[in-house]
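Okay, thanks for coming, everyone. Let me put the structure up and then walk you through the packing, piece by piece.

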Amino acid sequence: MQLTIAELTERFPDFRVAVLVAEDLVVATGRPGHLDTAILASEAACRSQHAGLELSAIPGVAAWRSAYKGFGIKKTSYRSSVERLIKRVLAGDRLPAINNFVDIYNTISLQHGFCIGADDLDRIAPPVAFRFSRPGDSFLDMGAEAGEDPNDPPKDGEVVLADTRHVLCRRWNWRQDMRSAITPQTRRALVTVQANGWGELEEAANHLAGWLTTDCGAKVSIAYADRSNPTVTPG
């Protein structure tokens, strides 16, 4: 499983990614009590840490707003995944309950201030790349409402995550494609923890790997892609 960020390094030299491959997964629906307790504590810590701050003053949010502007995204309707999670929790809402795997990485995202995404490794076609969009790129929006057409290809110049067949995530880390979502049938997953010039990436990746091992039975390998080492193969 190879991942590269080579196409982005000149324009975004501070972009770094922890690339995790998690195998032998047990993904469960519902949220067991011990996990819910940990998530509640993380939500409370987020509200306490950021109380009274504008979103733009939160370092993880500010880093991704700057990156988004770097490829032309200025509308507030298009915000990074970590900004949306923080905004949701500061508004008094809970993190969404999806399954234990997704709930865990959303909580790590909230705690450490990084954008995190994951794809079912058996439903993608490596190698995978963070790159600029290309004519003919295909994307089916997992956030499309019932009855809406999920087909929503990226605009010219967008940063995307893509495999050899289609886009896995639009606008860097804004919305994921429905075809590779993590489900209870997932046994292997590709996870990316994404940093843009701020934060302790290794700490967040190790925290996530430990939690996935404990709660999902995962065997996890980690590699780090950056400007000096743009192409990695975990494991």
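**Helices, core and cysteines**

So, let's start at Ala-62, which is found in helix α2; helices here are DSSP runs of H or I with at least four residues, strands are runs of E with at least two, and both are numbered from the N terminus. Before I go on, the housekeeping: this is a predicted model, where local features need pLDDT of at least 70, side-chain atom pairs count only at pLDDT 80 or more, and totals for chains, interfaces and linings use all residues. Numbering runs from 1 along each chain as its sequence is written, and side-chain values use heavy atoms, with hydrogens and water left out.

Glu-83 brings us to α3, where it is buried along with Ser-81, Val-82, Leu-85, Ile-86 and Val-89. What do the buried residues of α3 pack against? They pack against α1, α2 (59–69), α4 and β3 (115–120), with contact meaning heavy atoms within 4.5 Å. Just after α3, Gly-92 has a positive phi of about 100°.

Now the helix pairs. The axes of α3 (residues 81–90) and α4 come within 9 Å and cross at roughly 85°. The axes are lines fitted to C-alpha atoms, for helices over the stretch in contact, and angles run from 0 to 180 degrees between N-to-C directions. On the α3 side, Val-82, Leu-85, Ile-86 and Val-89 meet Asn-106, Ser-109 and Leu-110 of α4.

For α1 (residues 33–49) and α4 (residues 100–112), the axes come within 10 Å and cross at roughly 25°, so α1 is roughly parallel to α4. From α1, the residues meeting α4 include Leu-35, Ile-39 and Cys-46, and their partners in α4 include Ile-104 and Leu-110.

Cys-115 is in no disulfide either, as the nearest cysteine sulfur, in Cys-169, is 8.8 Å away. Both cysteines are buried, Cys-46 at 3% and Cys-115 at 0%.

On to the largest nonpolar core, which has 67 residues: that's a set of buried Ala, Val, Leu, Ile, Met, Phe, Trp, Tyr and Cys residues joined through side-chain atoms within 4.5 Å. Those touching the most other members are Phe-15, Phe-101, Phe-130, Trp-172, Val-193 and Leu-208. Helix α5 (residues 201–216) supplies the largest share, 8 residues. Beyond four places in sequence, Leu-208 touches residues including Ile-104, Ile-116 and Val-193.

Last stop: Leu-168 in strand β6 (residues 167–170), buried at 0%. Its C-alpha is 7.4 Å from that of Ser-180, 12 residues apart along the chain.

Methods: Buried < 20%, exposed > 50% of the residue type's maximum accessible area, 1.4 Å probe, protein only. Disulfide = S-S within 2.5 Å. Parallel < 35°, antiparallel > 145°, perpendicular 65-115°, else oblique.
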